[in-house]
Amino acid sequence: MDIDAWVWWLIGAVGLGIPLVLTAMPEFGMLSVGATAGALTAALGFGVVAQVVVFAAVSVALIAVVRPIAARHRDGRPQHATNVDALRGRQAVVLERVDGGGGRIKLAGEVWSARSLDTDQVFEPGRQVDVVEIDGATAVVM
């Protein structure tokens, strides 16, 4: 049984698509697209050298162009802070005396338990404080 070259390229494309699905590595998808381009080249009647060159060129071009774009999107942080991240750096009003052991503040319209960052520092009711971090359900202030 003599199978045309383009069929082998498509089998290779599917073979490269399987690890893409199993490992979620986009490079396999780019190689699969390169193999599909090699299949198209074979179907148009070009020789083996042209098929391999097209496969390599398309694969390398996709990896060189798409991979850096995907990395930028993956590494990008959301522009808007949400949840606990949105509370860091905000100001709050002390409701009950806050020291290293605890206290209460009003933060973003809600009453929170709080403690001071510096255990020796004490904040009296009515004073404005800055939220440094959120530790569980406790705001750490200074």
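Select helix H1 (residues 5–23) together with helix H2 (residues 26–43), whose axes come within 8 Å and cross at roughly 170°; axes are lines fitted to C-alpha atoms over the stretch in contact, with angles from 0 to 180 degrees between N-to-C directions. H1 and H2 are therefore roughly antiparallel to each other, a term for angles over 145 degrees. Helices here are DSSP runs of H or I with at least four residues, and strands are E runs of at least two, numbered from the N terminus.

This is a predicted model, in which local features need pLDDT of at least 70 and side-chain atom pairs count only at pLDDT 80 or more, while totals for chains, interfaces and linings use all residues. Residues are numbered from 1 along each chain as its sequence is written, and side-chain values use heavy atoms, without hydrogens and water.

Next, select Ile105, Leu107, Val131 and Val141, which touch the most other members of the 14-residue largest nonpolar core, a core being a set of buried Ala, Val, Leu, Ile, Met, Phe, Trp, Tyr and Cys residues joined through side-chain atoms within 4.5 Å, where buried means under 20% relative accessible area with a 1.4 Å probe, protein chains only. Strands E1 (91–99), E2 (102–107), E3 (110–116), E4 (128–135) and E5 (138–141) each supply at least two residues of this core. A second, separate core of five residues includes Trp9, Ala13, Ala35 and Ala39.

Finally, select residues 7–25 and 37–66, listed by an unreviewed UniProt entry as "transmembrane region", an annotation that may be inferred rather than shown by experiment. Residues 7–25 are 89% helix and 0% strand, with end C-alpha atoms 24 Å apart; residues 37–66 are 87% helix and 0% strand, with end C-alpha atoms 17 Å apart.

Note on methods:
Angles under 35 degrees count as roughly parallel, over 145 as roughly antiparallel, 65 to 115 as roughly perpendicular and the rest as oblique. Buried means under 20% relative accessible area, exposed over 50%, partly exposed in between (1.4 Å probe, protein chains only).
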